[in-house]
Amino acid sequence: MTILHILLIDDEPSEHVILRRLMTKVQSFTIQLHYSDTIEAAVDVIGSGTPIAMVLVDNRLPPHGDFRETVPLIRQKGFIGPVGVISGSLDDAYFQSFQEYGVDFRLDKAELDPTAIEFLLQEYLVKS
Amino acid sequence: MGALLDTYRRYDFQKDLEKALNRVDFFRVFHMLALGAGFDHFGVLQLGQEAEPALLSTRLVLHDLPSGLTEEYDRRYRFSDCLLLKSLHASTVPSVWSAASEDAAPSKAGTDFLAQIGFDLVACVPVHSIVGTRYVVLYFGDNDDIDRTSHVELCYNSITAFDYFYRFVLATRVGMGLTARETEILRWISHGKTASEIALIVSVSEHTINSHTATILKKLDVVNRTQMVAKAIREQIIQ
């Protein structure tokens, strides 16, 4: 089975632990989860040649603001795979413009479960 | 003279529906409905014509079933022969099918599908689009049953969610105007750029470019990129 490399960017290391645990429950894909706690470190991972298939980025990554500042930095590095923003709340109005900033999808952290992850992989990495 | 009641919406996820923009957003809505009613998965099925051959994998326009399950189903069974599908063509009454009832009454039509797909309970909510095409929202689980109140609520919510899903995702039609982003992508296609090159230029994913390209094909009623560019020039959408 092909290994899918997913990059999580989150300043909270516990999110990495939770997501890594969730990824082990995904049955249809073999996933290798990479982790960066800053956008700068993530850009280095993307530039290193690791075949990252999908990026999940926390909405707020200090010292930057929200995804409107961080995701363009990922795109400027030449990453053309799917980028999803994960957040504890999607209520802020600016989330409605996520597509304008190179974001493919948004997900509440509480909605991240094995079914959601399988759906995203199927939708963005298998069907396309 | 009557007026629409302010409280006519008898559901609690209005904000989620108003904000939903793409397939993932609607996955989130239907997934939430499934979990809320005690089911594990959902599928939105285009019913089509009864006489047409039907593959489960192609009739499901959105679903969160485990990867490869529908393709495996199609390799083993003929969905067109499925009694549950026939019952959906015969009636628009919402229904619930249980694998347990197959033992009690093996003659009951529809339970064959449950054994084949590997779930104990399937709830079917027939819905239709604003132009009358028929769909069914299916919920799959291993629970024993769904109580009457939850079932009624699930039906109402499914009809509502499907209406938004159809209007905002499925209803791209011939003759609809192109958005500014679609026109921009069309222009780059006319310059001979590939999807990955355009993704780099406009700073989005390749998936987004492919998705926009599919929408442009649909709106211009053409079948390939060459025909797309030719028609766009002819219609003076691009120079």
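## Domains, sheet and helix packing

The centres of domain 1 and domain 2 of chain B, taken over C-alpha atoms, are separated by 33 Å. This is a predicted model. Domain 1 of chain B covers residues 14–169, and domain 2 of chain B covers residues 180–234.

Chain B has an open sheet of five strands, in the order β2-β1-β5-β4-β3, with antiparallel pairing. Strands β2 (60–63) and β3 (95–98) of chain B lie at the edges, where each pairs on one side only. From one strand to the next, the twist averages 20°. Within this sheet, strands β1 and β5 of chain B run antiparallel and are joined by six bridges. One pair of bridge partners is Phe42(B) with Tyr139(B) of β5(B). Helix α2 of chain B packs on the sheet and touches β1, β2 and β5 of chain B. The direction of this helix makes about 120° with that of β1(B).

| Element | Residues |
|---|---|
| Strand β1(B) | 41–46 |
| Strand β5(B) | 134–141 |
| Helix α2(B) | 23–36 |

Which two helices of chain A pack at an angle of about 20°? They are α2 (residues 39–47) and α3 (residues 67–76) of chain A, and their axes are 10 Å apart. Angles under 35 degrees count as roughly parallel, so α2(A) is roughly parallel to α3(A). The crossing of α2(A) past α3(A) is right-handed. On the α2(A) side, the contact is made by Ile39(A), Ala42(A), Val43(A) and Ile46(A); on the α3(A) side, by Thr70(A), Leu73(A) and Ile74(A). Of the residues in this contact between α2(A) and α3(A), six are nonpolar, one is polar and none is charged.

How values were computed: Residues numbered from 1 in each chain as written. Chains lettered and ligands numbered in written order. Predicted model: local features only at pLDDT ≥ 70, side-chain atom pairs only at ≥ 80, totals over all residues. Axes fitted to C-alpha atoms, helices over the stretch in contact; angles between N-to-C directions. Helix = DSSP H or I, 4+ residues; strand = E, 2+ residues; numbered from the N terminus. Parallel < 35°, antiparallel > 145°, perpendicular 65-115°, else oblique. Left-handed = near helix turned anticlockwise from the far one by under 90°. Contact = placed C-beta atoms within 7 Å. Nonpolar A, V, L, I, M, F, W, Y, C, P; charged D, E, K, R; others polar. Domains from an automatic or database assignment. Pairing = 2+ DSSP bridges.
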